[in-house]
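We will go from one stop to the next, with something to select at each.

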Amino acid sequence: MNGPIAAAILMNLSFFICAIAVDISNILGQSVAGIIQVGMNALPDPAAGSAASGIDIKEASGATGEKWAFGIVLAGIGIPALILAPGLLYFTLPILLSAAAAIFTAFAVIMFRQVALVIMIILSPLAFAAWVLPNTESWFEKWRKFFIALLLMFPLIMAIFYGSTFVSYVILLTSEAK
């Protein structure tokens with residue numbers, strides 16, 4: 001007797017439960033990004049320009065730190081290889097193509113996450129009903145595991161993106177110190 005009542009209540013609350021879970025995931029992802037950003041802000045600016053000219057390259061170009069670091073990496077690998085040593089094109093082209101493929105894959109994964117989350121939220125009333133009804137718990141477990149994986153994907157992606165930006169800042173700072 002309690003099964004159908006619990007199923008009816010959970011089905012009606014499923015959108016709110018999923019919304020709270022998505023909000024917690026988004027807050028966690030932004031917190032990870034914020035914590036790493038605080039660490040990057042504590043470092044000296046690697047794009048400060050030369051002390052003699054007094055020009056701040058970062059402010060002059062209007063680029064953010066991420067764009068600046070990405071541009072330095074591309075310019076540092078690609079331009080010298082293309083201009084100074086055309087024979088190295090065979091070595092640098094696969095690196096640049098794999099970097100472009102990795103960036104495209106990351107954006108495709110983020111877009112897939114958005115679409116899959118919407119589908120999982122739409123299916124949440126059925127999943128909560130499967131949790132309560134007999135012989136359908138395995139369907140709820142599959143839904144729950146996939147939903148949690150989608151929720152954890154955003155904080156992990158933010159940690160990877162901002163962590164790699166932090167590492168690029170540290171590399172830029174150590175290369176300037178030499």
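Select α5 (124–132) and α6 (137–177): α5 and α6 each supply at least two residues of the lining of the second largest pocket. Helices here are DSSP runs of H or I with at least four residues, numbered from the N terminus. A pocket, on a 1 Å grid over the protein atoms alone, is an open set of points where a 1.4 Å probe fits, with protein on both sides within 12 Å along at least five of seven lines; lining residues have an atom within 4 Å of a point.

This is a predicted model, in which local features need pLDDT of at least 70 and side-chain atom pairs pLDDT 80 or more, while totals for chains, interfaces and linings use all residues. Residues are numbered from 1 along each chain as its sequence is written, and side-chain values use heavy atoms, without hydrogens or water.

Now show the lining, including Leu 126, Thr 136, Trp 139 and Lys 142. By class, nine lining residues are nonpolar, one is polar and one is charged.

**Next: the core**

Select Leu 117, Phe 140, Trp 143 and Phe 147, which have the most contacts inside the largest nonpolar core, a set of 14 residues. Such a core joins buried (under 20% relative accessible area, 1.4 Å probe, protein chains only) Ala, Val, Leu, Ile, Met, Phe, Trp, Tyr and Cys residues through side-chain atoms within 4.5 Å. The top contributor is α6, with five residues.

Go to α1 (residues 2–42) and pick Ser 14. Ser 14 is buried, at 0% relative accessible area.

Methods
Buried < 20%, exposed > 50% of the residue type's maximum accessible area, 1.4 Å probe, protein only. Nonpolar A, V, L, I, M, F, W, Y, C, P; charged D, E, K, R; others polar.
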